[in-house]
Amino acid sequence: MAAPDTSTLTSSAQIFTTYTLPQIRAVHKTLHTQIDEKSARLRTQVGNSYRQLLGTADTIVQMREDMLSAQKVLTHMGGQCGRVVVENKITGLGRFRGGEDAEAALGQAARVRLLRACGLAVSRLLRAGAGTGKDTEGGRGDRLVLAAKVFVLSRLLVSSFGNLGALDEEIRAAVEAAKKSLDGLRRKLVRAVEKVLQKIGEGTGIADILKALSAYSLSSSSGTRDALRRFLSIRAEAITYEFDYEEHDKERGTDNVLRGLELYTKTLVDVQALVPNKLPEALLELKKKPLLADESLRSLEGLRLDIFERWCGDEIRYFTPFIRHDDLDGKQAREMLTSWAAKGGETVLGGLSRTLEHVSEFKVIIELRTSTLQQWIRNGGKARGFDPSIMLDGLRKAINDHLLQLIETKVAKLKLVGSEVAATLEGWQSGITDRQRGLWDDEMIGMDFSVSAAQISHEVVSRVYGRNDAVARAVTGFESWHQIIGNVGDLVEQLRRQRWDNDEDEIEDEEVIEARQDLLSKDDPQLLHTRLNESLLKAFKDLDEQLTALWKSRKDGLDNGQIAMYVLRILRDIRNRLPKLEGIQSFGLDNVASLHEKLATHVSVTPLEEFTTTTLTQKRVAGRALWEGEPALPTQPSPSTFKLLRNITMSMGDSGIDLWTPAAVQTLKRVLSQQLVDVWRKELTAPRPDSDAAEPASETAENEENKKPAGIGEKTPERSNDVFSQWLFDVHLLQHYLSISNSESDKTMRDLALEILKKTGLDAEAERRLAKSSGEYWKRTSLLFGLLT
């Protein structure tokens, strides 16, 4: 129930007559609450009034004390302005002005001594490892800062002399000499700072760089912005110096690339460590107290500031370096670093490309690629706000472009083999260029076998495979090329097995590691492998076309047989080492058939001419008495046929047993078969007198006729049927030696045998017996002519 409003009550009787008991209690409680509130306000008001009264009393007491102090000061001032006091001061001032000039001269001399000591101190501090004591304690950065402070003091001392024309001659000469030496000291200080900023590695830390920049700012009154700009400029010059070989007469090497890349990555990390905190704080520290109050400067014994400080004016004693430490914020620093990083990255990539232009060793470039990319992977991600993949792609592109160009260049050198072949054919001399060394000639037999086994085996292999000087030059050139390309292929495959993990303790995402691994160990090797295969296909195609053109230009010459042997040997050695590419496996095969044709013609021409002039012109059979059976038939070939086979085999051996592959032997059989058929048919179709058609004489009569001395008035005998029988045996025997399965040459030989059979007049049984005898003879003698079988 809500309490009644007490403001409307006029009397206590109204309460008891109007409201219920609970309401009366609520009214009672409300009245007590209002009474307590009014009592508290009254007490507060009384307390405030009392405090104001006490404050007023304190003010009155203070005013009285101030009035008494003012009266005391006015009384003292009145005493100081008395006539006697003023006269005494005038007399003392006159005596002081008399010694002022001597005091000034003494001060100038002291400052000159201090100026000379400052020059010596700066030189001593900048001289590496010079001096001992407190002035050389601390690190290299501390000595630079101390040298900069001494340099600033020297500059202040020179300025303190003002107009030099008003000085004594001795003082003026000393000051002018010191002013000239200041320029040299400044250059030395700048060079020392640059050396510290240019160096990287374990000997130079961020503390040394910070001290060097502080020394630069102090000596040149540069702020944070100018100091950072100078640092970036020095690092850019250092990177450019690593790749500027010609101007600085430096030796080219892959180490310069690594140093340049390390300078680039270290600069990014160092700048982010210097700004926006460390460098401004270091510059602010230089401004906190006057220059002469610096403990390191006062501790230099050579300066003796404890003595000379009193002779320095207030402008020196209280000089505080003015350096802007707050003129560079984080955004501006990021913009400066981003701009420098873009230009520095271009410089590194350009220097890398120029370095690679003078490197022709594929292995050296692969090693440079490994070390460069590993260094970037290890350090490139330390700089915050920069995507390391951009620089990584730039390095990959520069290296891959040169590798692709180098692959094309090395593969294209295969044309030197064709050039060697062309030069050999151009200067071809029959009997000299194609001269072969025998396996059992005097030179080989007289060789000292105490030399290395490799040399002996090389000589044996060279002689067996017909590698004379002309062939050896081309083959050696190809082997050298093949070894180089093989090494290139091995190095490309080696790239696939490389791992590109970050050796540092930094944690990387698995996706980043896998993407980088695929990029460097899969995509790049595949790019190189594809270009290698394409270049090999083109190089072998060009070489094949070149050799084809050379052979076509010489295949109709008089020495085409020797040239065919030369080209066959080169093709054989090249094909033995062909790369395992599908498009190359047919290299040189288009010319093999033509080469074998000319080789077969060259080998068979001399034996065939001798066979034609001796055997096919004979009118009687030698060895008729050795015939067997009834009717009597030959059981062995004619001496001329045997000699033909022997001459063919010997000619093949003289040409070189290395040439007689199965394809070459089949070509020889086909060519020789066709030539034999042609000359035999020519003899068969020649006109024959009728008197020669009589029956053959008996064996006894034939033997008696053979015993008659020739040339005693007898007529030249005509060719008998015995000759045809012997020819038939010879043809059957040659069929065995010159047999080619299911070939046209076999058919022509069989047709020739049928034609001769008609001339003999033998029946089928005799013909089968003759064929069987030739087969048995072939079995007995086939090993004698192994090259033909």
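Predicted model: local features only at pLDDT ≥ 70, side-chain atom pairs only at ≥ 80, totals over all residues.

User: Is Cys312 buried or exposed, and what is its relative accessible area?

Analyst: Buried residues have a relative accessible area under 20%. Cys312 falls in that class and is therefore buried, its relative accessible area being 3%.

User: How many disulfides does a search of the whole structure find?

Analyst: A disulfide is a covalent bond between the sulfur atoms of two cysteines. The cut-off for a pair of cysteine sulfur atoms is within 2.5 Å. The sulfur of Cys312 is too far for a bond, because the closest cysteine sulfur, in Cys118, is 8.6 Å away. For the whole structure, the number of disulfides found is 0.

User: What is the relative accessible area of Cys118, which is in no disulfide?

Analyst: For Cys118, the nearest cysteine sulfur is that of Cys312. Cys118 is buried, and its relative accessible area is 0%.

User: Which residue does a cis peptide bond join to Val275, and where does that residue lie?

Analyst: Most peptide bonds are trans. Pro276 is placed in the loop between α10 (254-274) and α11 (278-286).

User: What is omega for the cis peptide bond that joins Glu630 and Pro631?

Analyst: Pro631 belongs to the loop between α24 (589-614) and α25 (639-655). The cis bond joining Glu630 to Pro631 has an omega of about 0°.

User: What is phi of Ser221, and what is the relative accessibility of this residue?

Analyst: Most residues other than glycine have a negative phi. Ser221, in the loop between α7 (206-220) and α8 (224-243), has a positive phi near 55°. Ser221 is partly exposed, with a relative accessibility of 46%.

User: In which loop is Arg304 found?

Analyst: Arg304 is not a glycine, yet its phi is positive, at about 55°. Arg304 is partly exposed, with a relative accessible area of 40%. Its place is the loop between α12 (295-298) and α13 (305-308).

User: Which residue's backbone nitrogen does the side chain of Gln517 reach?

Analyst: Gln517 lies in helix α22 (residues 510-554) and is buried, at 11% relative accessible area. Leaving aside residues up to four places away in sequence, Gln517 touches Gln498, Arg499, Trp500 and Lys522. The backbone nitrogen reached by its side chain, at 3.0 Å, is that of Trp500.

Notes: Residues numbered from 1 in each chain as written. Heavy atoms only, no water. Buried < 20%, exposed > 50% of the residue type's maximum accessible area, 1.4 Å probe, protein only. Helix = DSSP H or I, 4+ residues; strand = E, 2+ residues; numbered from the N terminus. Polar contact = N/O pair within 3.5 Å; in protein donor to acceptor, adjacent residues only side chain to side chain. Contact = heavy atoms within 4.5 Å.
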